[in-house]
Amino acid sequence: MGDDTVVGLASTAGSKFLSHPLGVGAFSSLKQVAAELPADSWKDYGTGVKLGRVARNGDTQFVFYDIADGASPDAFQEHMHPGGELYLVVEGLIFDEYGEFGPGSVIWMKPGSTHTPQARGKTLIFVVWPMGVKLTKQA
């Protein structure tokens with residue numbers, strides 16, 4: 001964590017982040033937005049991971065990742081965020097090289113950061129990509 005690649009708020013016990021508990025209403029609203037996305041907004045990668053596109057404003061994208069319980073450990077490839085990445089764990093648990101983050105965790109990854117996330121259990125995260133995402137290795 002010394003390189004400040006990841007900074008943010010997290011409610012995960014024992015994390016090196018500040019604690020900021022979000023109200024239950026915030027999660028209910030985000031779950032409802034995800035549930036009401038049209039079917040053609042979702043892309044199923046066949047690995048237990050679905051990407052739901054919420055909106056785009058210029059280079060900034062707003063998406064959900066819906067990760068099934070038992071999703072393949074390599075469902076996410078290593079990738080880089082040219083403009084950074086902000087994500088909120090709505091339910092479940094997401095982890096990567098920088099830590100483990102549960103419901104209520106709000107994570108900011110600085111521009112140019114690289115990671116390979118995984119999930120435990122059914123997980124829903126809301127993601128903001130200021131300049132998209134780029135794969136760092138070919139599958």
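Modeller: Gln61 counts as buried, because its relative accessibility is 11%, where buried means under 20% relative accessible area with a 1.4 Å probe and protein chains only, exposed means over 50%, and partly exposed lies in between. This is a predicted model, in which local features need pLDDT of at least 70, side-chain atom pairs count only at pLDDT 80 or more, and totals for chains, interfaces and linings use all residues. Residues are numbered from 1 along each chain as its sequence is written, and side-chain values use heavy atoms, with hydrogens and water left out.

Biologist: Which residues does Gln61 touch, not counting residues up to four places away in sequence?

Modeller: Contact means heavy atoms within 4.5 Å, and by that rule Gln61 touches Arg53, Ala55, Arg56, Val127, Val128, Trp129 and Gly132.

Biologist: And how should I read Ala34, buried or exposed?

Modeller: Ala34 is buried, with a relative accessible area of 9%, and, leaving out residues up to four places away in sequence, Ala34 touches Trp42, Phe64 and Leu124. The C-alpha atoms of Ala34 and Phe126 are separated by 8.9 Å, although these residues are 92 apart along the chain.

Biologist: Which residues line the largest cavity?

Modeller: A cavity is a set of points, on a 1 Å grid over the protein atoms alone, where a 1.4 Å probe fits but cannot get out, and lining residues have an atom within 4 Å of a point. Here the largest cavity is lined by Tyr65, Phe76, His79, Glu85, Tyr87, Ile94, His115, Pro117, Ile125, Val127 and Trp129.

Methods: 1 Å grid on protein atoms, 1.4 Å probe; cavity = no way out; pocket = protein on both sides within 12 Å on 5 of 7 lines; lining within 4 Å.
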